[in-house]
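Biologist: I'd like to learn how to read a model like this one. Could you walk me through it?

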Amino acid sequence: EEEEEEDASDKEEAEETVIKPAKRSRPDAEEEEEEEDDDDGEGGAAAAAGGADADGSSLQLAWENLEIARIVFEHNQAKGDDVKLKLASVFYEMGNYQLETGSFADAVTEYDKCLQIRQEIMDPASRDIALVHFQRGVAFQNNSDFDDAVSAYKKAKSALSANLQGLIKQAETGTMTPDHEEEVASLESIIQELDTKIADAEDEKKVKQQSMFSVADLVNPSASSASAFKEAAGAAGAAGAAGAAGAAGEAQQPRDLTTLVRKKSKQPAAAAAAAEGESTDSAGKRPKQE
């Protein structure tokens, strides 16, 4: 028992002699928090950069997979339309890839390859064909080819309208199903969206033309601007000529100059007469000869 008591007392003394950690001062804590924030910021930037790299590597990997699929399906086209349609889908996804990366002309090229295959096999009113036309329109519009964009959107609308008319005929014959009703609603919504896209492309074309005309007028005035300038110059010239004629008319009117002539005084006149008389008298007398 005595040994146990001694052990307990020794334990208590040891616990009392333990040095407790000092509390951190406020400035030290703030510095550590700032360092943690800096670490978090650097970590976030590194994570964002890593995410961008990951996206780039993912896109590259996707393109490589599409290239492999294209090679495989191109070598097996003879096996039937199913393989050809799979190849068309590969071309379609390649177009989407080019559209995503901003290569709009290349996107149109891939969509055209897809469209060529689908038009040979599918119904012209197929939604798959309309979808390719729509994507071609998006690529054209992003590339500022507004006329081609409008044409592509109209082709997509034509295909969907034909599809819609077919469903309406089915409804008239009483063979319409709930799925067909949903399809009709979907097609009507897409056609309205296409009308909006067509209007947007046409508006963008007008804006671009106006901006081009403005720049052209600054660099080289157009014929209309030149003619307007000539008309303005002619009007200004006519007004100037009229003003000059009026001034000339005023100049031709006789002016009263009597105020500018100084009248001779009487005394100078008398003196002149006297002088004249003296000169005659002196002239009449002859000198006396000696």
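Biologist: Leaving aside its neighbours within four places in sequence, which residues is Arg136 in contact with?

Modeller: First, a word on the source: this is a predicted model, where local features need pLDDT of at least 70, side-chain atom pairs count only at pLDDT 80 or more, and totals for chains, interfaces and linings use all residues. Residues are numbered from 1 along each chain as its sequence is written, and side-chain values use heavy atoms, with hydrogens and water left out. Contact means heavy atoms within 4.5 Å. Leaving aside neighbours within four places in sequence, Arg136 touches Tyr111, Asp112, Leu115 and Ala152.

Biologist: Is Arg136 buried or exposed?

Modeller: Buried means under 20% relative accessible area, exposed over 50%, partly exposed in between (1.4 Å probe, protein chains only). Arg136 has 11% relative accessibility, so Arg136 counts as buried. Arg136 is found in helix α5; helices are DSSP runs of H or I, at least four residues, numbered from the N terminus.

Biologist: How do I read the packing of two helices?

Modeller: Two packed helices are described by the angle between their axes and the distance between the axes. Axes are lines fitted to C-alpha atoms over the stretch in contact, and angles run from 0 to 180 degrees between N-to-C directions. Here α3 (residues 81–100) and α5 (residues 127–142) pack at about 20°, with axes 11 Å apart. Angles under 35 degrees count as roughly parallel, and α3 and α5 are therefore roughly parallel to each other. From α3, the contact is made by Tyr92, Asn96 and Leu99; the α5 residues include Leu131 and Val138.

Technical notes
Helices (H or I, at least four residues) and strands (E, at least two) are DSSP runs, numbered from the N terminus. Angles under 35 degrees count as roughly parallel, over 145 as roughly antiparallel, 65 to 115 as roughly perpendicular and the rest as oblique.
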